[in-house]
Amino acid sequence: MATAALDSFARSADPAVLSDVHESGCNLTIWERENIPGVDGLLEGNPSDLRFTTRLSQLVERLPSELNTCGFLQSPVRKTLEADISALAARYCDLLSLKELEVRLELITTNSCRKWHSDYVKARLISTYVGQGTQWLDARDADRVKQGEEPLRFNTMNPGDVGLFKGKLATDRPAIHRSPPIVGTGETRLLLVLNPPEQR
């Protein structure tokens with residue numbers, strides 16, 4: 001249902017656009033949506049990175065304790081975050097026919113993953129709650145990077161957007177992306193990543 005497609009990607013305000021990742025010519029789908037109100041409050045209390053693998057059926061029960069362990073303070077916005085992660089995980093697992101997944105919620109203050117790259121997975125879900133969104137390339141600029149050249153331009157997801165990035169295990173033309181370089185800016189990004197289990 002690629003309502004706004006160009007060469008290798010599709011984006012729409014309709015969440016059904018994520019299913020276009022199954023199309024052979026599409027390596028990135030973006031659900032454009034509003035971010036969680038007051039999401040910056042999740043950074044209070046100096047929380048740390050969260051990372052665990054779980055069965056989808058156990059996620060709703062397990063997620064609150066994992067967030068507690070990592071220092072995310074109890075608040076209404078955290079409850080909204082828990083519901084959002086659980087809903088995205090269910091959608092992700094349905095699209096990839098998974099019963100288990102890896103959940104990562106990362107606080108980024110450096111130039112983590114600043115080089116243009118693709119992922120060694122079938123597909124990875126990425127959404128930025130706080131800070132700049134993930135940057136990605138269309139087919140023309142992805143080809144330039146493969147040839148060792150710099151891209152002429154890049155695209156940036158908005159906070160709240162949900163991207164499904166097809167990786168090397170699914171295609172020979174995976175989505176090329178990077179984290180925005182933020183070192184020295186004082187910015188903190190809060191990034192959700194959903195992977196198939198045991199994929200990095």
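1. A nonpolar core is taken here as a set of buried Ala, Val, Leu, Ile, Met, Phe, Trp, Tyr and Cys residues joined through side-chain atoms within 4.5 Å, where buried means under 20% relative accessible area, exposed over 50%, and partly exposed in between, with a 1.4 Å probe and protein chains only. The structure is a predicted model, in which local features need pLDDT of at least 70 and side-chain atom pairs count only at pLDDT 80 or more, while totals for chains, interfaces and linings use all residues. Residues are numbered from 1 along each chain as its sequence is written, and side-chain values use heavy atoms, with hydrogens and water left out.

2. On confidence, pLDDT being the predictor's confidence in each residue on a scale from 0 to 100, the protein chain averages 91, and 94% of the residues score at least 70. Over residues 1-6, however, the pLDDT is below 50, and this stretch has 13 contacts in the model beyond near neighbours in sequence, a contact meaning heavy atoms within 4.5 Å. Where pLDDT is low, the predicted coordinates should not be read in detail.

3. The largest nonpolar core has 37 residues, of which Val103, Leu105, Tyr129, Leu192 and Leu194 touch the most other members. At least two residues of this core come from each of strand 4 (50-55), helix 1 (56-69), helix 2 (76-96), strand 5 (100-108), strand 6 (123-130), strand 9 (162-166) and strand 11 (189-195); helices (H or I, at least four residues) and strands (E, at least two) are DSSP runs, numbered from the N terminus. Helix 2 gives the most to this core, with 8 residues.

4. Taking Val103 as an example, and not counting residues up to four places away in sequence, one finds that Val103 touches Leu50, Arg51, Phe52, Leu59, Ile85, Leu192, Val193 and Leu194.

5. Leu43 lies in the loop between strand 3 (28-31) and strand 4, and Leu43 is partly exposed, with a relative accessible area of 26%. Leaving aside neighbours within four places in sequence, Leu43 is in contact with Leu107, Val130, Thr188 and Leu190. The pair Leu43 and Leu190 is separated by 147 residues in sequence, yet by 8.1 Å in space, C-alpha to C-alpha.

6. In helix 3 (residues 139-146), Ala139, Asp141 and Ala142 are buried. These residues lie on the same side of helix 3, because they cover an arc of only 165° around the axis, the arc being that of the directions from the helix axis to the C-beta atoms. Helix 3 is followed by Gly148, whose phi is positive, near 85°.

7. Side chains of opposite charge can pair when their charged atoms come close. With a salt bridge defined as a side-chain nitrogen of Lys or Arg within 4 Å of a carboxyl oxygen of Asp or Glu, a search of the whole structure finds 10 salt bridges. One of them joins Asp119 to Arg124, with the closest N and O atoms 2.9 Å apart; Asp119 counts as buried at 5% relative accessibility, and Arg124 counts as buried at 7%. Arg51, Glu102, Arg104 and Glu106 are linked in a network of salt bridges.

8. Two further salt bridges deserve a separate look. The side chains of Arg153 and Asp138 meet at 3.8 Å, N to O. Arg153 lies in the loop between helix 3 and strand 8 (155-156) and Asp138 in the loop between strand 7 (135-136) and helix 3, so the pair ties together parts that are 15 residues apart in sequence. Arg153 is partly exposed at 41% relative accessibility, whereas Asp138 is buried, with a relative accessible area of 9%. Asp143 forms a salt bridge with Arg173, the closest N and O atoms being 3.3 Å apart, and this pair links distant parts of the chain, with Asp143 in helix 3 and Arg173 in the loop between strand 9 and strand 10 (177-178), 30 residues apart. Asp143 is partly exposed at 25% relative accessibility, and Arg173 is partly exposed at 37%.

9. The structure holds 0 disulfides, a disulfide being a pair of cysteine sulfur atoms within 2.5 Å. Cys26 is in no disulfide, and the nearest cysteine sulfur, that of Cys93, is 20 Å away; Cys26 is buried, with a relative accessible area of 8%. The sulfur of Cys93 is 19 Å from the closest cysteine sulfur, in Cys70, and therefore too far for a bond, while Cys93 is buried, with a relative accessible area of 3%.
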